[in-house]
Every structure is written in structure tokens, then in C-alpha cells.
Amino acid sequence: MWSVQDQRLSARSAFISDSMEKIGTTLTQHIWQEQKTHPQSRGSLSELLYEIALVCKIISREVNKAGIAEIYGLTGEVNVQGEEVQKLDEFTQNIFVNILGHCGHLCALASEEEEGIVNLSKEKELGDYVMLFDPLDGSSNIDANVSVGTIFSIYKRVTKKGPGTMEDLMQAGNKQVAAGYVIYGSSTMFVYSTGNGVYGFTLDPTIGEFLLTHENITMPDKVKNYSTNERDYHSWPEGIRKYIDEIKKEGKVSARYIGSLVADIHRTLLYGGVFLYPSTEKNPNGKLRLLYEANIMAFLIEQAGGRASNGQKNILEIEPSELHQRVPLYIGNKEEVKKIEDFLH
Ligand code: P6P
């Protein structure tokens with residue numbers, strides 16, 4: 001005859017074994033499996049990705065409680081982009097620099113929030129990688145509880161030793177060894193690629209793990225949505241006006257625009273469609289940044305079967321000339337982006 005205690009223990013172990021069957025692949029396990037496909041790898045990139053995931057779990061916690069913690073609102077300062085700095089912007093920038101700066105796998109860091117290279121020369125151990133990131137993209141939407149995101153791009157250094165330089169940071173997007181974003185929305189998702197497909201992981205906050213929910217994401221062929229800020233219609237290049245006029249005349253593709261790059265790209269990646277941020281009178285080179293916004297989205301979308309262009313060439317082939325340089329961005333369904341390029345020519 002089992003005691004009540006024995007019955008409780010057996011029920012609990014049954015529950016644990018049952019739920020373990022459902023837990024699937026964690027992000028940590030996936031990164032490790034990816035590493036095993038590179039026998040010469042020493043695990044430095046894997047550990048770097050683990051650290052990024054850790055930082056993003058902390059950011060997720062802060063973003064999800066921002067209102068309660070009363071850290072909504074502005075700091076009263078302005079960043080290098082001339083944008084008002086939200087308190088969460090400041091928090092996310094600092095936590096990235098503090099944790100990633102000390103992880104020993106980077107020799108240089110650059111961020112949307114800082115003019116130049118984040119100085120790691122004081123670090124006792126410098127690594128073989130550089131990272132460019134936008135700690136909290138779309139942060140102007142925070143107070144309206146709209147999805148925001150973190151964007152990151154990782155390259156192998158090209159210089160031999162010592163603190164990383166601009167040469168290490170300003171590489172073409174096709175040299176990225178890993179890139180991804182984390183979207184803080186109805187759930188927190190970590191979406192990344194190391195060049196072998198795009199994988200999405202959803203955070204289970206009850207166990208603090210990112211669990212694989214989107215295996216080898218492939219863009220649908222159907223162009224479901226077009227996404228752009230039509231405020232700029234009259235200052236777009238004529239080809240873009242003609243393209244959008246045609247889409248609206250046909251009436252088969254829905255307009256969807258959130259105004260938060262990570263959210264707009266995440267929807268485009270999963271549902272299919274195109275996102276456009278053309279050059280405008282206010283932003284003759286477009287608004288979005290090549291090195292820590294466009295390159296990452298281009299890398300992921302291309303891995304998922306899509307295409308990203310500045311209107312003339314593949315985003316990933318652009319040789320950077322400035323750390324914060326902007327580019328026009330046409331990204332999404334491959335055939336549709338090629339059609340946009342044709343309209344521009
Ligand atoms: P606009 C957010 O401020 C951001 O940098 C991107 O996340 C977003 O895609 C874009 O700007 C939105 O710009 O001009 O439409 O407000």
C-alpha cells in the first residue's frame with residue numbers, strides 16, 4: 001500500500017518525465033548542435049550567443065515590467081542619432097556593454113547608441129569576434145506597448161590582435177558569421193542564423209529557457225502584406241510610387257506597418273510580403289542603418305529564401321564606409337524585391 005507521500009512523489013515524477021518529453025530543443029542545445037557541425041570550433045561563438053541570450057532574457061524582464069517599474073518615459077538626453085533616449089534604451093545599452101564587454105569573446109563592440117567603437121581595451125581578455133547591435137530598436141514605441149526588439153550582428157575579426165578596429169567592424173554583411181534579433185512582443189522570441197537556416201525560439205519565462213518553436217523558417221511564396229510608411233509617398237523615388245500605386249490598384253496585398261523594424265520584419269519573415277524603407281527628402285540615403293539593422297535582416301531573410309536590396313544591389317554585398325551609414329531597404333519575398341528593383345530602374 002503506497003503512502004500518500006509515495007503517491008505524490010510518483011505523480012510528480014510522472015509529470016516531470018511527461019513535461020520533459022514536451023520541452024523540445026532549447027536554444028543552448030541548438031547552438032551546441034550547430035557548433036558540432038564545425039569540428040574546428042573552440043566554442044567561442046557558441047558562448048557569445050549564450051551571453052546574448054542571457055542579456056535578452058534580462059531585457060525581456062525589464063521591457064515586460066517597464067510600466068510597473070515606472071521606467072517608461074524619457075531620460076531627457078539625446079543619443080548620437082539625435083533621438084530622445086528612453087530609460088529602457090539606456091538600461092539595455094549598459095547591460096549589453098557590461099555583460100558582452102567582459103565575456104572575453106569580443107575585441108570590439110559598436111552600437112546604435114554610441115558614436116564610435118565601445119572601448120574594450122581595459123578588458124583582460126579580448127576575443128576573436130566583433131559585434132554590432134541595436135539594443136532596443138523601435139524604442140519610441142515602448143510607451144504604447146508596441147513590440148520592440150534587439151538586433152545583433154557578429155563577425156570574425158580581421159585584424160590579428162589587440163583591441164578591435166573599424167576595419168574589424170566595417171565588413172560587408174555577407175561576412176557575418178551569425179546574426180539575429182529578439183522581439184519583445186506578445187511573447188519574447190530569439191530568431192537567429194549562423195548561415196544554416198533561420199531558427200526561432202520562444203522564451204518560457206517559467207523556466208527561463210528559449211525553446212525551439214520555429215524550425216528552419218522559410219518565407220511563404222505568397223506576398224501577403226506590403227509594409228512601408230506612406231507618409232513619405234510624395235518624396236519617394238518615382239519607381240517606388242509607381243510600385244505602390246500598382247499594388248494598391250490590384251488590391252490583393254494588405255498594408256501592414258508597425259513602425260518597429262523587428263516587428264515588421266518578423267511578420268514579413270513568417271507571413272510573407274515586402275518591407276520598404278525608401279530614400280526620402282528627409283533621409284536621402286534611407287533611414288535604416290546598414291551595419292546593425294539592414295545587414296542582419298538581410299542575412300536572415302536571405303537564409304529564409306528571400307532577398308534584401310538597396311534598390312541597386314544586394315544589401316549583403318555593400319562595403320560599408322561609415323559606422324552609422326544609412327541605406328534604403330527593400331526586403332522580403334525574392335521575386336517581389338526584384339520587381340521593386342525593376343520599377344526603380
Ligand atoms: P518611421 C524605429 O524608430 C525605427 O528605427 C525602426 O524600428 C522602424 O522601422 C523605423 O524607425 C520607423 O521609421 O519613419 O516610419 O517612423
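Mentor: The chain has nine helices and 16 strands. The model is predicted. A search of the whole structure turns up 11 salt bridges.

Helix α6 covers residues 238-250, and both Lys242 and Glu238 lie in it. Their side chains meet in a salt bridge, with 2.5 Å from N to O. The two residues are four apart, about one turn of the helix. Lys242 has 45% relative accessibility, so it counts as partly exposed.

Stay on helix α6 and move to Glu246. Its side chain meets that of Lys339 in a salt bridge of 3.2 Å, N to O. This pair links distant parts of the chain: Glu246 is in helix α6, Lys339 is in helix α9 (residues 334-344), and 93 residues separate them. Glu246 has a relative accessibility of 29%, and therefore counts as partly exposed. Lys339, at 27%, is also partly exposed.

Now turn to helix α7, residues 261-271. Here Arg267 forms a salt bridge with Asp264, and the closest N and O atoms are 3.0 Å apart. Both residues lie in helix α7, three residues apart, about one turn of the helix. Burial is the point to check here. The cut-off for buried is under 20% relative accessible area. Arg267 has 11% relative accessibility, so it counts as buried. Asp264 has a relative accessible area of 0%, and so it is buried too.

One group goes beyond a pair. Arg42, Asp128 and Lys156 are linked in a network of salt bridges.

Finally, step back to the whole chain. Its radius of gyration is 21 Å; a compact globule of 345 residues would have one near 20 Å, so the two agree. Along the principal axes, the C-alpha atoms fill a box of roughly 80 × 50 × 45 Å. Buried residues make up 52% of the 345. Take the contacts in the chain with a separation of 6 or more: residues 24 or more positions apart account for 64% of them. The chain exposes about 16200 Å², and carbon and sulfur atoms supply 50% of that area.

Methods. Residues numbered from 1 in each chain as written. Predicted model: local features only at pLDDT ≥ 70, side-chain atom pairs only at ≥ 80, totals over all residues. Heavy atoms only, no water. Salt bridge = Lys/Arg side-chain N within 4 Å of Asp/Glu carboxyl O. Buried < 20%, exposed > 50% of the residue type's maximum accessible area, 1.4 Å probe, protein only. Rg over C-alpha atoms; globule rule 2.2 N^0.38 Å. Contact = heavy atoms within 4.5 Å. Areas by Shrake-Rupley, 256 points an atom, 1.4 Å probe, with all protein chains shown as cover.
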